[in-house]
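User: Hi! Could you walk me through this one with me?

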Amino acid sequence: MDQPINALGRPDLRALPQVQKLLETAAAAGLLVRYPRSVVVKALRAALAGERAALRTGLYSVFDMDRFFTDVRRMLAAGELSALRRVINATGIILHTNLGRAPLADAALDAVRAAAGAYSNLEYDLETSARGSRMRVAEPILCELTGAEAALVVNNNAAAMLLALSALASGGEVPVSRGELVEIGGSFRIPDIIRQGGARLVEVGTTNRTRLADYAAAIGADTRLLLKVHPSNYRVTGFTEEVARAELVGLGRSHDLPVLEDLGSGNLLEPPPGLPAEPTVRAAVTAGVDLICFSGDKLLGGPQAGIAVGRRNLIDRMRRHPLMRALRPDKMALAALEATLRLYRDPVRARKEVPVLRMLAEPVEEVAARAGRLCGALIGLPGLEAETIATDAMAGGGSLPEERLPSRAVAVRAATAGPEELARRLRARPIPVIGRIAAGRLLFDLRTVAEPEVEEIAAAMRELLTEGGA
Ligand SMILES: *Cc1c(COP(=O)(O)O)cnc(C)c1O
């Protein structure tokens with residue numbers, strides 16, 4: 001379509017086609033078969049606005065019908081994509097909070113499908129036909145795996161802590177070591193959650209050293225419980241001293257006060273020989289900690305959930321608290337959690353089938369084999385340099401903050417696009433590929449990339465470099 005040029009030598013924007021006229025074209029007819037009319041009209045308007053801006057700034061000099069409809073089709077296709085979608089995690093961070101933390105085991109996915117796609121006995125007692133409790137779903141297996149008397153599941157660990165403090169410490173005081181007044185992931189801060197739970201924080205000791213005598217001096221008539229927080233995402237090193245769990249439990253007993261521990265990551269397994277470990281939940285139970293809270297989607301490798309295990313009387317007080325209803329987990333999370341926990345009955349099986357555990361323990365030679373396959377598929381793409389390099393992956397999610405997991409990455413450099421631009425284009429794809437940038441190159445860390453995703457990354461790069469041009 002020819003575009004009249006006005007006196008200034010600029011395209012005449014008034015001469016752009018009207019939406020009504022565009023709707024009558026054959027190209028639009030094809031789209032109207034696939035998409036609702038309102039959606040097509042919206043895309044036409046948006047593409048027209050883009051066209052107008054491009055003509056005004058001189059990016060285009062004429063209106064081109066083919067280019068215009070390519071734009072419209074791209075917009076409509078993008079509109080079909082869910083806001084929440086699968087991505088390929090090539091960052092090497094296994095528990096990446098921004099990328100959804102733990103991918104679920106197949107058994108957990110099956111359980112979600114079964115529980116969510118049909119009716120279930122979520123709150124129905126099959127023996128008596130009376131109303132049951134969703135709480136019985138994961139409680140028995142949690143007790144079995146941790147040795148605790150009772151267990152309770154809520155939405156996430158922040159909710160478990162809020163509920164524990166609200167039910168057990170509201171109106172009273174909670175002494176916490178100054179070395180444990182931590183912030184986890186921006187919005188969860190121990191002092192804030194204590195205040196929100198209606199309790200007063202009593203700071204004990206110093207940032208680097210806290211002794212049992214400091215706790216003892218802080219205990220008064222209003223003290224409701226003693227709180228211990230696992231410093232998930234950092235370590236205090238150097239001239240430090242912290243009170244051992246058993247000592248704190250002893251102090252609690254002598255004052256008739258429960259000890260609550262925020263363990264952060266719910267590690268249920270002793271580490272395989274030679275591998276570093278987070279403290280296990282069972283160790284905390286065995287040491288006599290009265291109540292322990294942890295996440296379901298960190299090292300445990302299950303769905304987002306907050307789990308509290310411990311003494312029955314404390315768990316019962318949490319269960320009866322009015323907040324329980326607001327914090328209760330949904331059936332999909334419960335189904336996934338129970339199925340994940342079942343895998344733990346056999347630790348060998350858990351390490352094979354729970355993706356987080358598998359990625360943590362995979363021998364570096366196997367990671368290297370995947371890296372070799374990806375590198376082989378990328379070498380020879382036009383204008384691309386690719387090589388396999390040794391690197392370190394990380395557990396992430398505030399777990400094992402200092403441990404580096406040996407890994408392999410494929411580092412790429414494109415002739416026509418810098419690493420930031422390449423990363424941006426990979427993020428813009430229907431299945432985004434998220435890598436990391438180091439020393440001017442884009443890295444794909446293979447520890448967090450599953451076998452079938454190797455070919456997906458290769459295909460994405462092929463398309464970027466041969467079709468769109470990078
Ligand atoms: C991660 C973490 C939390 C928050 O857990 P969510 O399940 O993300 O709510 C609380 N405390 C500690 C120590 C943590 O590591």
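User: What's the make-up of the shell around the ligand by class?
Analyst: Three nonpolar, six polar and three charged residues. Here Ala, Val, Leu, Ile, Met, Phe, Trp, Tyr, Cys and Pro count as nonpolar, Asp, Glu, Lys and Arg as charged, and the others, Gly among them, as polar. Note that this is a predicted model: local features need pLDDT of at least 70, side-chain atom pairs need 80 or more, and totals for chains, interfaces and linings use all residues. Residues are numbered from 1 along each chain as its sequence is written, and side-chain values use heavy atoms, leaving out hydrogens and water.

User: Which residues are around the ligand?
Analyst: Among them are Arg-101, Asn-157, Phe-188, His-230, Asp-262 and Lys-298, where being near takes a heavy atom within 4 Å.

User: How far is the side chain of Lys-298 from a ligand oxygen?
Analyst: An N or O atom there is 2.7 Å from a ligand oxygen. For Arg-101, a polar side-chain atom lies 2.8 Å from a ligand oxygen, and Asn-157 uses a backbone N or O atom at 2.9 Å.

User: And how much of the ligand does the protein bury?
Analyst: 93% of the 380 Å² that the ligand exposes when taken alone, by the Shrake-Rupley method with a 1.4 Å probe.

User: New topic: which residues of helix H12 are buried?
Analyst: In H12 (residues 312-320), Leu-314, Ile-315 and Met-318 are buried, meaning under 20% relative accessible area with a 1.4 Å probe, protein chains only.

User: Why are they on the same side?
Analyst: Because they cover an arc of only 95 degrees around the axis of H12, taken from the directions from the helix axis to the C-beta atoms.

Key
Polar contact = N/O pair within 3.5 Å; in protein donor to acceptor, adjacent residues only side chain to side chain. Buried < 20%, exposed > 50% of the residue type's maximum accessible area, 1.4 Å probe, protein only. Helix = DSSP H or I, 4+ residues; strand = E, 2+ residues; numbered from the N terminus.
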